[in-house]
Amino acid sequence: QSTWDHTSLSPMSIKLKDLIRQVRSANSAAEEREVIQTELAAIRSKFAQNDSELRHRNVAKLLFIQMRGYPTQFAQLECIKLVATETFSAKRLGYLGLQLLLDEQSEVLMLVTNSIKIDLNSSNM
C-alpha cells in the first residue's frame with residue numbers, strides 16, 4: 001500500500017516489485033483496481049511535481065500497469081523525457097514505453113521521430 005509523504009502532501013510511490021507483489025496478492029479484481037488506482041495517483045502526483053529522480057521507476061511501473069490492461073497513455077510525454085536523457089538505460093526504458101504506449105494517431109509522434117533522429121546522429125550511442 002502506498003504511504004503519504006506528509007512533508008510534501010503527496011503520495012509516495014512504491015517500488016515495482018512491491019507493486020507487483022500487491023497486485024498478485026489482491027483477492028479480487030476490485031482490490032487489484034484499488035491498488036492500481038492508488039499507485040496511478042501517486043505516479044501522476046510525482047509527474048505533476050516534475051520529479052525526474054524517479055521518473056524511470058515510475059515509467060517502469062506504468063508499463064506493468066499497461067500490460068495489466070489499465071490505461072496509461074498519460075505517460076507518453078514522460079517516456080519522451082526519458083528518451084531525451086543522456087543515460088542509455090533511461091533511453092532504453094523510454095523507447096520501450098513509447099513502443100507500448102504509442103499508436104499511429106498519437107500527437108507526440110513528431111517528438112519521437114525527432115528524438116530518434118538525434119539519437120541516430122549522436123556519437124554517444
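**Figure 1. Order of the elements along the chain.** From the N terminus on, the elements of this predicted model run β-β-α-α-α-α-α-α. The secondary structure comes to six helices and two strands. Of the contacts in the chain with a separation of 6 or more, 55% are accounted for by residues 24 or more positions apart.

Figure 2. The chain has 125 residues, and buried residues make up 41% of them.

**Figure 3. Helix H1 against helix H3.** H1 spans residues 16-24 and H3 spans residues 55-67; their axes come within 9 Å and cross at roughly 25°. Angles under 35 degrees count as roughly parallel, so H1 is roughly parallel to H3. The crossing in which H1 passes H3 is right-handed.

**Figure 4. Residues in the contact of H1 with H3.** On the H1 side, the contact is made by Leu16, Leu19, Ile20 and Val23. H3 contributes Ala60, Lys61, Phe64 and Ile65. By class, seven residues in this contact are nonpolar, none is polar and one is charged.

**Figure 5. Helix H4 and its cover.** H4 consists of residues 76-83, and six of its eight residues are buried, so the helix is largely enclosed by the rest of the structure. The buried residues are Gln76, Glu78, Cys79, Ile80, Leu82 and Val83. What covers these residues includes helix H2 (29-48), H3, helix H5 (88-101) and helix H6 (109-121).

Note on methods
Residues are numbered from 1 along each chain as its sequence is written. This is a predicted model: local features need pLDDT of at least 70, side-chain atom pairs count only at pLDDT 80 or more; totals for chains, interfaces and linings use all residues. Side-chain values use heavy atoms; hydrogens and water are left out. Axes are lines fitted to C-alpha atoms, for helices over the stretch in contact, and angles run from 0 to 180 degrees between N-to-C directions. Helices (H or I, at least four residues) and strands (E, at least two) are DSSP runs, numbered from the N terminus. Angles under 35 degrees count as roughly parallel, over 145 as roughly antiparallel, 65 to 115 as roughly perpendicular and the rest as oblique. A crossing is left-handed if the near helix is turned anticlockwise from the far one by less than a right angle, and right-handed if clockwise. Contact means heavy atoms within 4.5 Å. Ala, Val, Leu, Ile, Met, Phe, Trp, Tyr, Cys and Pro count as nonpolar, Asp, Glu, Lys and Arg as charged, and the others, Gly among them, as polar. Buried means under 20% relative accessible area, exposed over 50%, partly exposed in between (1.4 Å probe, protein chains only).
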